[in-house]
Amino acid sequence: MAYLLQHLLEATSFRFPEEAAVECTGQICDYAALADKSRRLARLLVEAGLQRGDRVGLCLPKSFEAIVSIFGVLQAGGVYVPLDYTSPPRRQAWMVRDCRMRAVVTNTSRAALLLGELDRPPFPEIVVLVSEGEAAEPPAEPAFAARMIPWSRLEEADAAGFQAPHQTEDDLAYVLYTSGSTGTPKGVMISHRAALTFVDWAGAEVRLTPRDRVANQAPLQFDLSTFEIFAPVCHGSTIVPVAEELSSFPRDLAAFWESGRISVWYSVPSVLSRLLEQGELEKRDLSWLRTVLFAGEVFPIEHFRRLARLLPKVEFYNLYGPTETNVCTFHRVEDLPPGELSIPIGRACPNADVWAVTESGELAAPGETGELWVTGPLLMKGYWGLPERTRQAFAQVPSPGGWGRIQAYRTGDLVEISPSGEFVFRGRRDSMIKLRGYRIELGEVEAALYQHPDVLEVGVICLSEGRDDAMLAAFAAPRDSAELEDGQLRNWLRERLPSYMIPSLIEIRPELPRTSTGKVDKMRLLKELGASS
C-alpha cells in the first residue's frame with residue numbers, strides 16, 4: 001500500500017509498464033520510462049547535495065519534463081514547490097529565498113532571468129537543473145555559486161543503483177504558494193499523508209482505469225493539478241498536459257478535448273463557461289468524455305444546465321476545498337430542481353469531518369449560515385515560515401460529535417445547510433476572493449500598489465464575484481501633485497504580481513471615498529463601479 005506519493009509511480013510502473021503515462025505534443029512516455037527517468041533525476045539531485053526534506057522549485061510549463069521533475073524530487077526525498085511560470089522573475093526569486101530552496105528545475109530561457117534576481121540565495125550554492133539541452137550560463141560575476149546541470153545528464157545517471165532516502169507519510173510532499181493578505185504569498189505545506197488521502201479517494205470515486213485520458217489543465221501551482229497528476233498515476237491512466245495558451249482560446253481548447261480523446265476533465269467553472277459559449281462543443285465528437293469535475297469558484301447554474309444538456313452522458317462533480325485541505329466536500333450533480341439557485345458543494349469526503357459554526361459559536365442547523373470548519377488527515381501542516389499565521393488558522397474546538405477536543409481548520413467560507421444536509425456556498429468571511437479559480441487576497445494587490453512611490457492610497461475590489469464576467473478593479477490616489485497614470489501602475493504590477501492578479505480596471509482619482517471610521521469605502525467604490533458598468 002502506498003504511503004508516499006512516489007510509491008504510486010513505483011507500483012503502477014510494475015503493474016502497467018507499457019501503458020501510456022504521459023502524452024504531450026505528440027510524444028508518448030510509458031510508465032516504465034517515467035519511473036526510470038524520475039529515478040535518474042532523483043539520483044542527480046541527491047548527488048548534487050539534496051537531502052531529505054529539502055525544497056526544490058519547479059519553474060516549468062506543463063510538460064513531460066515537469067511530470068518527471070515532480071516524481072524525481074519526491075524520489076529524492078525532497079519537497080517540490082511549483083513556481084508560476086508566467087510570474088515575474090522577481091516574485092519567483094522571492095519564493096526561492098522564502099522557502100530556502102536547495103535547487104530549482106527550470107529551462108534555459110528562465111534560468112538566467114531567475115538567477116539574475118537571486119542576489120541573496122538561500123544557500124551558498126544553489127543547484128539549477130535546466131532542460132532544453134545545454135545549461136544556461138549564470139549571470140556575470142554572480143554573488144553566489146550556481147551549479148548548472150543540463151537535462152541531458154539524466155541519460156548518464158544510474159537509475160538501477162539509486163536508493164531512495166527513508167521517509168514517512170508525515171514528511172512534506174509539496175508547498176503551494178497562495179495569495180497572502182499581508183502583501184506577500186504564503187506557502188501551504190502538504191504532507192504525503194494529506195495528499196494521498198485526497199488522491200486515493202478521488203481516483204476511486206471517479207473510477208479511473210488505464211483506459212482513461214486525464215487532462216492536466218491546471219498550472220502546477222494550482223491545487224487542482226494534484227488530482228490531474230497523482231490520481232492518473234495511481235490507476236495507470238494517461239496524463240495529457242494542456243498547453244497554457246490553449247486556455248485563452250476556447251475553440252482550440254474544445255478541439256483539444258476532441259483530438260486528445262479526453263475522458264476526464266477538471267477545471268474551474270469559468271473555463272467550462274467559455275467552452276460552452278465559444279468552443280462550439282455541439283460540433284465536436286466528445287464521445288470519450290465521461291466525467292467533468294469543477295472547483296475553485298461558483299458555477300453559474302444556468303451555464304451548468306446548458307452544459308449538462310449538451311453533454312447528457314457525462315458525470316459532473318462539484319468539488320470544494322481550499323488549498324489548505326485540498327478537496328474536503330463533494331457533490332455529484334445528478335438532478336437540479338427548476339427553482340434551484342446554486343449547486344451545492346455537498347457533503348464531507350471520506351476521512352474528513354466538516355461542519356458549520358454560526359457567529360455565536362453554535363453548530364449551524366439546516367437553513368442556517370455558518371463558517372465551514374474542517375478536520376482530518378487531509379489538512380495542511382501549516383504555512384511555511386509563518387508559525388503565528390498557522391496558529392491563527394487552526395483552533396482547538398469541541399468535536400461536532402462530542403467526543404473531545406480536536407484541531408480544526410477555519411476555512412473562512414460561509415455556507416448554508418440545505419434541508420437535505422448538504423452544504424451550499426454563500427460567500428467569504430474576509431477579503432479573499434476567488435477569480436477564475438485563483439484565490440486572491442485583495443490586500444496583496446493593494447500592498448503591491450502601495451509600494452509605488454507616487455501612490456498615496458488605494459482600494460481594490462472585485463466586481464461580479466462568482467460570475468463569468470467577474471473582474472478586479474483598482475482605485476488609486478496620487479501623492480500631492482504627482483502625475484500618475486493607469487498604464488504606469490499596470491506596468492508596475494506586472495513586475496510584481498502574476499497575470500491573474502492584475503486588475504482589469506485601474507482608475508486614478510484625486511481622492512478615494514472614506515467610511516465614518518476613516519477607511520477607504522470599498523462598498524461605495526463597488527456601488528459606483530456597478531452603477532457605471
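How do the axes of helix α1 and helix α7 cross? This is a predicted model, where local features need pLDDT of at least 70 and side-chain atom pairs count only at pLDDT 80 or more, while totals for chains, interfaces and linings use all residues. Residues are numbered from 1 along each chain as its sequence is written, and side-chain values use heavy atoms, with hydrogens and water left out.

Back to the helices (DSSP runs of H or I, at least four residues, numbered from the N terminus). The axes of α1 (residues 5–15) and α7 (residues 224–235) come within 7 Å and cross at roughly 35°; axes are lines fitted to C-alpha atoms over the stretch in contact, with angles from 0 to 180 degrees between N-to-C directions. On the α1 side, L5, L8, L9, T12 and R15 meet F230, V233 and C234 of α7, contact being heavy atoms within 4.5 Å.

F230 turns up again in the largest nonpolar core, which has 122 residues; F227, F230, W257 and W265 have the most contacts inside it. Such a core is a set of buried Ala, Val, Leu, Ile, Met, Phe, Trp, Tyr and Cys residues joined through side-chain atoms within 4.5 Å, and buried means under 20% relative accessible area (1.4 Å probe, protein chains only). Leaving out residues up to four places away in sequence, W265 touches W257, L253 and V292, among others.

Now for α6 (residues 192–206): eleven of its 15 residues are buried, including F198 and W201. Just after α6, R207 takes a positive phi of about 60°.

Key. Helices (H or I, at least four residues) and strands (E, at least two) are DSSP runs, numbered from the N terminus. Buried means under 20% relative accessible area, exposed over 50%, partly exposed in between (1.4 Å probe, protein chains only).
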